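This briefing covers selected residues and the nonpolar cores of one model. Please consult the sequence and structure shown below.

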Amino acid sequence: MQIKDLKNKLLGTIANTEEPPAEVKEAATSQFPPVPNDALIIVPMRGTVLFPQNVSPLVIGRKASIAAVQQAVRVEQPIGLIMQLHDQDEDPGPDNLHEVGTVAEILRYLTAPDGAHHIVCQGVQRFRVKEFLSGYPFLVARIERYEEPELSTQDIEARVITLKQKALEMLNQTRQMPDELVNAIRSIASPSMLCDLIASYLISKPAEKQEILALFDIQERIDRILELLNYQIEVLKLSNKISEQTQETMGQQQREFVLREQLKAIQKELGEGEGSAAEIEELSKAISAAKMPEEVEKQARKELGRLQHMPDASGEYSMIRTYLDWLTELPWSVASAGVIDIAKARKILNEDHYGLDKIKQRILEFLAVRKLNPNGKSPILCFVGPPGVGKTSLGRSIARATEREFIRASLGGLHDEAEIRGHRRTYIGALPGNIIQSIRKAGTNNPVFMLDEMDKLGSGFHGDPSSALLEVLDPEQNSTFRDNYLAVPFDLSHVMFIGTANVLDSIPMPLRDRMEVIELSGYTLDEKAQIARRYLVNRQLETNGLTPEQCTLTDRAIETIIQDYTREAGCRNLEREIGTVFRHVAMRIAEGVSVNEHIDSEQIPGILGPRKFERDVAMRTSVPGVATGLAWTPVGGDILFIEATRIPGGGKLILTGQLGDVMKESAQAALSLVKSRLQELGLNQELFEKNDIHVHVPAGAIPKDGPSAGVAMFTAIYSAFSERIVQNDIAMTGEISLRGLVLPVGGIKEKVIAAARAGIKTVMLPARNQRDFEDIPEAVRNQLQFIWLEKVDDVLKIAMVK
Ligand SMILES: Nc1ncnc2c1ncn2[C@@H]1O[C@H](COP(=O)(O)OP(=O)(O)O)[C@@H](O)[C@H]1O
Ligand SMILES: [Mg+2]
């Protein structure tokens with residue numbers, strides 16, 4: 001029979017009962033009445049139930065139980081196994097036992113070498129206790145055996161099918177399916193045997209087993225087992241699901257681990273080795289030394305971890321390496337003292353710069369505010385002015401005065417946001433942007449940072465650089481400035497930014513709003529001479545390794561250099577030319593040709609070559625039809641000549657000199673204005689009918705547009721027709737209306753300075769520009785005579801040679 005095979009498989013082959021051990025026989029002499037036929041020796045069991053038809057080994061520990069078992073073996077009677085109510089009862093009496101138990105045959109009795117008593121029992125049938133009997137050294141009870149009725153109804157058979165399904169399903173869920181058990185469940189026909197088998201193997205809680213045991217009615221029994229199975233199946237499903245999920249993640253980690261190990265092995269085979277341990281160690285130290293913010297250090301360590309598992313010949317290795325170099329070399333925690341001492345700052349500014357009193361004063365005010373309120377939102381200074389007027393040099397002085405590092409970055413021509421903010425590391429050859437690169441160069445996190453050429457910022461289609469710059473300059477945002485390459489925030493809030501530009505108008509409006517603009521105008525001839533004498537000469541002597549004794553430069557020589565070799569608002573070319581002169585001298589002294597040199601203006605052409613610029617005054621030939629105008633350019637003002645001449649023709653206006661549209665219209669208007677007042681001007685109508693008028697504006701470098709040459713055009717045309725000469729030391733600017741009014745124009749300060757520089761004696765300006773007079777440097781004001789024009793007629797009264 002199959003159930004027997006199952007028992008054998010599960011428990012091993014059971015031999016026949018052995019001869020009882022010696023002490024069992026001795027105990028037989030004990031005196032107590034024989035157990036009646038309708039009674040059984042009862043052995044209490046702790047936490048286990050034996051079902052009929054099932055075989056199970058039991059350990060017998062308690063004295064009473066040993067005696068009971070020994071007596072049963074001696075008289076060759078079955079025993080009654082009953083589960084006790086509570087596990088913890090050491091010596092359970094009748095009240096502490098369940099009512100229903102199992103009649104069991106003792107198949108085997110043995111004592112183990114350690115003295116423990118074991119029996120192997122086979123369940124026979126259920127019984128119910130009727131009454132316990134006294135007078136025995138163990139429990140004895142009169143019982144009622146329960147005979148399983150072998151009848152089967154449709155109800156029961158249907159239940160049996162379900163029971164088998166559920167049992168198999170549960171086995172499936174446990175993933176341990178002993179074939180014998182499966183086969184047994186499939187083949188057993190007897191409902192009671194099936195129940196007891198399933199209850200024995202698939203119901204795990206002793207209390208539930210006992211409950212099943214006590215259910216004599218087969219239908220009730222099956223239903224209860226089904227209930228318990230269903231519940232257990234659900235629990236199993238759930239726990240399987242949970243363990244699957246945890247297995248999955250475990251699986252991934254393990255997979256990665258295995259792959260890494262394999263990778264290591266392959267690299268070893270190829271002789272590539274892991275990132276050299278010494279290098280990793282060094283980087284790790286550098287990370288600690290950089291004292292990064294927590295977030296940054298975490299990122300650095302993460303990257304270092306990746307590096308560790310990479311062959312050092314791989315491209316990615318060097319990419320991460322470069323990245324870590326950037327992170328470790330940035331001045332996360334390195335700062336200059338940055339103390340602000342106003343007296344000292346004043347001294348330094350004066351030491352380095354001639355004049356510029358108003359500008360120095362504003363810088364000192366700015367520093368004072370910053371000193372009193374270091375964490376306040378101080379505006380960003382922006383120096384606006386032509387090249388060479390000392391913007392950069394002022395920035396350097398500020399850095400020196402506040403004991404900070406000085407760095408510059410040019411924004412000229414930047415049209416890509418990435419140039420400011422960097423490229424993401426996913427780009428080949430990506431690097432941080434300008435800002436972070438400069439900060440690394442500075443080596444401190446609170447330098448004076450000069451942003452040059454803010455007016456030349458482009459804007460392309462790769463994001464607007466000015467918006468990135470806005471973030472850099474915004475004190476609300478720049479403490480967490482995020483460069484795309486670094487991908488971690490860097491604190492720029494301690495940086496002192498200073499902008500520079502040639503023209504204010506070209507700075508994007510939002511940027512301009514954020515800055516405090518300080519305008520620097522060009523220098524006059526006299527100022528340049530002063531700057532050269534006090535600063536440039538000494539600096540260039542030093543640069544070229546000369547002492548003041550070895551070389552002197554006379555005032556006249558300096559003046560010659562300024563007038564004949566430079567034409568600029570600032571001092572840049574002037575300094576360069578002085579440098580050229582000194583290099584020449586240095587060579588002669590080094591060659592031993594001379595011991596010291598005294599350079600006067602006569603020697604200059606011999607060294608610098610023929611003069612590069614005509615003196616403006618020399619260009620002013622006194623012929624009819626020429627008037628001197630004033631122009632404004634981004635690099636400072638300049639004078640320009642308007643030439644008018646009449647040629648035989650039919651009254652046409654010819655314009656040359658690459659004039660812009662507005663300037664052309666301005667010439668038209670000037671001509672019309674002349675024609676409209678022939679009588680007042682004393683001109684002959686016929687002249688205009690028989691001649692064409694040619695207006696030309698020479699001097700190629702100056703952009704020629706705008707309405708401000710109107711007055712000069714009018715004057716030139718009048719001069720050409722009246723043949724009266726315009727005074728050559730008078731320059732003029734102003735727009736004209738057809739009614740002859742003179743309208744105001746821009747750039748007065750630069751224009752006037754240029755006029756002074758060119759040796760002009762009198763400037764004629766629109767009366768409505770009088771408000772700009774304040775801005776004109778005092779030295780220039782003293783040098784010139786100012787005529788304020790209401791109407792064009794005012795010009796002719798004064799400007800024409802009598
Ligand atoms: N007021 C001044 N006093 C002394 N040197 C000056 C002055 N203005 C300009 N310079 C010198 O002229 C040169 C050019 O100046 P720089 O600061 O480079 O001009 P910018 O940055 O405005 O183009 C520098 O050598 C500078 O020291
Ligand atoms: Mg500069």
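Is Ser 466 buried or exposed? Ser 466 is buried, because its relative accessible area is 9%, where buried means under 20%, exposed over 50% and partly exposed in between (1.4 Å probe, protein chains only). This is a predicted model in which local features need pLDDT of at least 70 and side-chain atom pairs count only at pLDDT 80 or more, whereas totals for chains, interfaces and linings use all residues. Residues are numbered from 1 along each chain as its sequence is written, chains are lettered from A and ligands numbered from 1 in the order in which they are written, and side-chain values use heavy atoms, without hydrogens and water.

**Ser 466**
- Ser 466 belongs to helix α17, residues 465–473 (helices are DSSP runs of H or I, at least four residues, numbered from the N terminus).
- Beyond residues up to four places away in sequence, Ser 466 touches Leu 457, Pro 508 and Leu 511 (contact means heavy atoms within 4.5 Å).

**Arg 159**
- Arg 159, in helix α4 (residues 154–174), is partly exposed at 21% relative accessibility.
- Neighbours within four places aside, Arg 159 contacts Gln 219, Ile 222 and Asp 223.
- The side chains of Arg 159 and Asp 223 form a polar contact at 2.5 Å (a pair of N or O atoms within 3.5 Å; within protein, one must be able to donate a hydrogen and the other to accept it, and residues adjacent in sequence count only if both atoms are side-chain atoms).

**Nonpolar cores**
- The largest nonpolar core has 53 residues, and Phe 383 and Phe 582 are among those touching the most other members (a core is a set of buried Ala, Val, Leu, Ile, Met, Phe, Trp, Tyr and Cys residues joined through side-chain atoms within 4.5 Å).
- Helix α19 (residues 525–543) supplies the largest share of this core, 8 residues.

How values were computed:
Helix = DSSP H or I, 4+ residues; strand = E, 2+ residues; numbered from the N terminus.
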